[in-house]
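Here is a short report on one protein model.

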Amino acid sequence: MKQSASDSETDDYEQPLLHRKQDDEIIRAPVLCSSRYGLAILSCYGFFVAYALRVNLSVAMVDMLNSSSSSSGANDSVCQRHSSPARPKHNHTASVYDWDSETQGWILGSFFYGYIITQIPGGYLARKYGAKWLLGFGILGTVIFTLLTPVAADLGAGYLIAVRVLEGIGEGVTFPAMHAMWASWAPPLERSRLLTISYAGAQLGTVVALPLSGQICFYLDWTYVFYIFGAVGLLWFILWVFLVSNSPSSHRRITETERTYIIASLKNELSPTSDYIPWTSILTSVPLWAIVVAHFSYNWTFYTLLTLLPTYMNDILGFSIKQNGMLSALPYLGCWLLSMGGGQLADYLRETCLFRTVIVRKAFTIIGMMGPAVFLVAAGYTNCNYIMAVIFLTVSSSLGGFSASGFNINHLDIAPSYAGILLGITNSFATIPGMVGPVIARSLTKSNTILEWRTVFFISAGINLFGALFYTLFGKVQHGKCMRSLHPLRSRSGAQIKAVRRRATVSPAAARLSAPAQAL
């Protein structure tokens with residue numbers, strides 16, 4: 001098979017990137033104390049903040065409501081309720097509100113109405129102007145509005161909804177901007193490792209925020225949930241401003257060995273201009289739509305459980321609020337651990353075992369979507385066996401971590417120069433489940449019976465299976481004619497490719513132009 005022009009090797013590994021000889025030999029830079037892994041850790045912290053700020057309201061909402069407005073059966077559960085310690089008595093200074101269930105639904109769902117707006121613009125702006133400041137100010141905006149949440153709640157539900165929408169607008173740029181930044185920072189054979197470390201912060205933020213928010217509400221009051229996590233977000237922004245650069249070329253502390261390694265490994269990957277975007281090729285790409293379907297399907301289950309798992313734990317299994325936070329966090333702890341381990345395994349299979357990238361991406365997607373579907377259905381048949389229910393739900397969400405090395409980073413395989421834009425497109429569709437999935441689930445569980453929840457689990461599992469099958473059939477890392485224009489060198493002649501390579505190595509200034517996100 002003829003060697004691809006892309007260093008990401010797409011469908012064959014006859015001549016792996018780090019094993020090339022002669023003039024094209026690339027020496028891997030050390031991992032320890034490297035700038036690229038420093039970026040992965042700091043971006044992991046950033047996504048920790050983003051997801052902590054996203055989910056903390058779900059727990060705080062319980063403490064924000066006037067207990068007298070709750071229904072008389074609010075403390076009932078299908079299964080026998082578990083005993084819990086008495087809540088400590090202290091002076092509460094926070095207000096409580098008489099919001100009905102419909103108002104609560106609008107408040108909890110309003111984040112996603114802002115989140116969907118900035119997905120595609122986030123990818124475009126990150127590519128054109130640089131991802132560092134876009135991502136930094138996006139999360140900073142979310143932090144500021146989080147700190148204002150208690151004030152907005154006192155002003156009224158409408159103000160709180162507006163604040164949540166604005167939080168979503170700020171946070172909507174995070175994933176597209178980070179994908180655009182990794183296009184300039186992640187060597188092809190380290191993508192799975194670096195991106196799973198980076199995005200694992202999302203699961204880690206959920207794992208920490210769910211139980212910690214419950215503890216804060218239990219021992220203090222709900223306002224401290226927003227103040228404490230807001231302060232953590234401010235610290236992240238300061239570190240991000242002083243330690244991160246848009247590209248290796250503009251980084252002040254990177255070693256020359258690492259800078260050379262990253263730029264050389266990506267020299268055939270990136271477009272030399274940020275002005276032209278092949279929208280027709282993007283929107284008619286079947287591999288891209290395969291990612292869209294997989295992303296939508298995965299998020300249907302993810303957001304349904306993220307918003308309703310505490311409700312299931314309380315209304316069906318009978319766990320108290322304090323127990324609820326800890327148990328609801330277990331599935332996301334497992335997801336975080338398997339996403340981290342999966343990233344290491346995926347790159348090991350590609351680099352050492354010489355598995356084709358397309359095989360690795362599809363295999364990890366199948367495990368990360370079909371596995372959760374099986375155990376989610378099984379959880380619906382555990383009835384009041386709460387131990388098995390918690391185990392099955394934890395295994396279901398944990399296996400989803402493998403998808404982080406599957407469809408979730410496939411954007412960088414098919415078109416690294418436009419990865420931010422591609423992720424913006426797929427994440428726009430993948431945000432829709434956050435808007436409608438929980439609403440549909442709650443409409444199906446009005447009586448809170450085990451049979452109704454079993455139906456919810458079946459629907460989520462079916463959508464997951466469809467997404468996995470669609471991606472398996474149509475997902476690719478090597479493209480037909482419709483996608484070749486997305487790769488800067490894919491459709492050019494040998495002479496044209498050599499000319500582009502010569503221009504890319506003329507000077508450091510020219511090398512900087514190869515990055516899709518320019519330094520600010």
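Y51 and F175 are both buried. The model that shows this is predicted. The ring centres of Y51 and F175 lie 6.3 Å apart, with the planes at 90°. Planes over 60 degrees apart count as edge-to-face, so that is the class of the Y51 and F175 pair. Y51 sits in helix α1 and F175 in helix α7. The pair links distant parts of the chain, 124 residues apart.

**The whole protein**

The protein has 520 residues, and 59% of them count as buried. It holds 21 helices and zero strands. Take the contacts in the protein with a separation of 6 or more: residues 24 or more positions apart account for 85% of them. The accessible surface comes to about 20,700 Å². Carbon and sulfur atoms own 66% of that surface.

**Aromatic pairs**

A pair of aromatic rings is described by the distance of the centres and the angle of the planes. How many aromatic pairs does the count come to? The count is 31. One of them joins F47 and Y199. Their ring centres are 5.1 Å apart and their planes stand at 80°, so this pair is edge-to-face. F47 belongs to helix α1 (residues 35–64) and Y199 to helix α8. The pair therefore ties together parts that are 152 residues apart in sequence. F47 is buried, at 2% relative accessibility. Y199 is buried too, at 7%.

Some rings gather in a group. F111, F112, Y115, Y298, F302, Y303, Y332 and F407 form one aromatic cluster.

**The largest cavity**

Rolling a probe the size of a water molecule over the atoms shows where empty space is left. Five cavities of 30 Å³ or more turn up in this protein. The largest cavity contains about 330 Å³ of space. Its lining has 26 residues. Which of these are the closest to its centre? They are Y51, F175, Q203, Y298 and N408. Y51 and F175 are the edge-to-face pair described above. Y298 is also a member of the aromatic cluster.

Several helices build the lining. α7 (174–185), α8 (191–219), α12 (286–315), α13 (321–351) and α17 each supply at least two residues. α8 gives the most, with six residues. What is the make-up of the lining, in nonpolar, polar and charged residues? It divides into 15 nonpolar, eleven polar and no charged residues.

**Two asparagines with positive phi**

N383 is not a glycine, yet it has a positive phi of about 55°. N383 is placed in the loop between α14 (357–379) and α15 (386–399). N448 also has a positive phi of about 55° without being a glycine. N448 lies in the loop between α17 (419–444) and α18 (450–474).

Is each one buried or partly exposed? Buried means under 20% relative accessible area. N383, at 38% relative accessibility, therefore counts as partly exposed. N448 has a relative accessible area of 16%, so N448 is buried.

C79 is found in the loop between α1 and α2 (101–115). C79 is buried, with 6% relative accessible area. Which residues does C79 touch, leaving aside its neighbours within four places in sequence? C79 is in contact with I316, L317, N383 and C384. N383 in that list is the asparagine with a positive phi of about 55°.

L140 lies in helix α4 (residues 131–147). L140 is buried, with a relative accessible area of 14%. Leaving aside neighbours within four places in sequence, L140 is in contact with L234 and F237.

The table sets out one C-alpha separation for each of these two residues.

| Pair | Apart in sequence | C-alpha to C-alpha |
|---|---|---|
| C79 and L317 | 238 residues | 5.3 Å |
| L140 and L234 | 94 residues | 7.0 Å |

**In brief**

The fold is helical throughout its listed elements, with 21 helices and zero strands. The largest cavity has Y51 and F175 among the residues closest to its centre, and both are buried. N383 has a positive phi and is in contact with C79.

Technical notes
Residues numbered from 1 in each chain as written. Predicted model: local features only at pLDDT ≥ 70, side-chain atom pairs only at ≥ 80, totals over all residues. Heavy atoms only, no water. Helix = DSSP H or I, 4+ residues; strand = E, 2+ residues; numbered from the N terminus. Buried < 20%, exposed > 50% of the residue type's maximum accessible area, 1.4 Å probe, protein only. Contact = heavy atoms within 4.5 Å. Areas by Shrake-Rupley, 256 points an atom, 1.4 Å probe, with all protein chains shown as cover. 1 Å grid on protein atoms, 1.4 Å probe; cavity = no way out; pocket = protein on both sides within 12 Å on 5 of 7 lines; lining within 4 Å. Points joined across faces, edges and corners; volume = space filled by probe spheres on them. Nonpolar A, V, L, I, M, F, W, Y, C, P; charged D, E, K, R; others polar. Phe/Tyr/Trp six-rings, centres within 6.5 Å; stacked < 30°, edge-to-face > 60°.
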